[in-house]
Amino acid sequence: YGDYNQKIDYVFKVVLIGDSAVGKTQLLARFARNEFSVDSKATIGVEFQTKTLIVDSKTVKAQIWDTAGQERYRAVTSAYYRGAVGAMLVYDMTKRQSFDHMARWLEELRGHADKNIVIMLIGNKCDLGTLRAVPTEDAEEFAQRENLFFMETSALESTNVETAFLTILTEIYRIIR
Ligand code: GDP
């Protein structure tokens with residue numbers, strides 16, 4: 001920090017999508033600020049946070065967008081997807097319905113986003129293993145069929161969050177460089 005003149009090689013916009021309450025905001029808070037709040041309220045309006053990191057020896061500024069509650073009102077607009085080079089499709093592994101809705105979110109994403117967008121399926125809340133409602137194999141099968149990367153994460157316990165973002169950013173870099 002303090003290096004405000006840091007040279008940025010790339011800015012990658014990545015959008016988070018998925019049903020309300022699956023943990024999108026907390027995944028972003030964990031990744032961008034290493035924070036988690038148990039009582040996260042839904043703020044209305046699109047927001048993004050940035051984090052600058054090194055990917056394959058290049059300085060990449062990740063600009064991660066969160067729907068910030070808009071998904072409840074089916075108001076995620078094409079502006080949200082514009083310019084996105086990556087997308088994280090997030091479900092709550094303790095809520096089957098949030099996984100069943102992934103196909104719809106994927107359809108919406110593919111309807112709005114660039115054809116080359118890198119997509120990662122994220123099963124969040126893996127710390128709640130005893131309440132699991134989505135077997136890993138179901139998600140793997142869906143991911144394979146739809147050509148998505150896949151990872152199970154916990155924003156609460158920090159499991160795989162950094163890895164998931166690094167993986168998608170690295171993949172984006174490989175495609176665009
Ligand atoms: P969003 O609506 O998709 O942005 O979801 P939020 O990030 O607001 O999270 C919804 C609720 O799930 C909040 O009560 C969070 O504290 C909780 N939550 C988010 N991520 C996790 C996680 O990894 N594990 C657990 N146990 N709870 C989580």
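Predicted model: local features only at pLDDT ≥ 70, side-chain atom pairs only at ≥ 80, totals over all residues.
Local features need pLDDT of at least 70, side-chain atom pairs count only at pLDDT 80 or more, and totals for chains, interfaces and linings use all residues. Residues are numbered from 1 along each chain as its sequence is written.

The model scores ipTM 0.99 and pTM 0.92. The chain averages a pLDDT (the predictor's confidence in each residue, from 0 to 100) of 90, and 88% of the residues score at least 70.

There are 6 helices and 6 strands, taken as DSSP runs (H or I, at least four residues, for helices; E, at least two, for strands) and numbered from the N terminus. Their order along the sequence is β-α-β-β-α-β-α-α-β-α-β-α.

Of the 177 residues in the chain, 38% are buried, with 20 or more other C-beta atoms, placed from the backbone, within 10 Å of their own.

The ligand has 17 residues around it, and Gly23, Lys24, Thr25, Gln26 and Leu156 come nearest. A residue counts as near if its C-beta atom, placed from the backbone, lies within 6 Å. Helix α1 (residues 24–33) gives the most to this shell, with 3 residues. The classes split as follows.

| Class in the ligand shell | Count |
|---|---|
| Nonpolar (Ala, Val, Leu, Ile, Met, Phe, Trp, Tyr, Cys, Pro) | 7 residues |
| Polar (the others, Gly among them) | 7 residues |

Technical notes: Buried ≥ 20, exposed ≤ 12 C-beta atoms within 10 Å, placed from the backbone.
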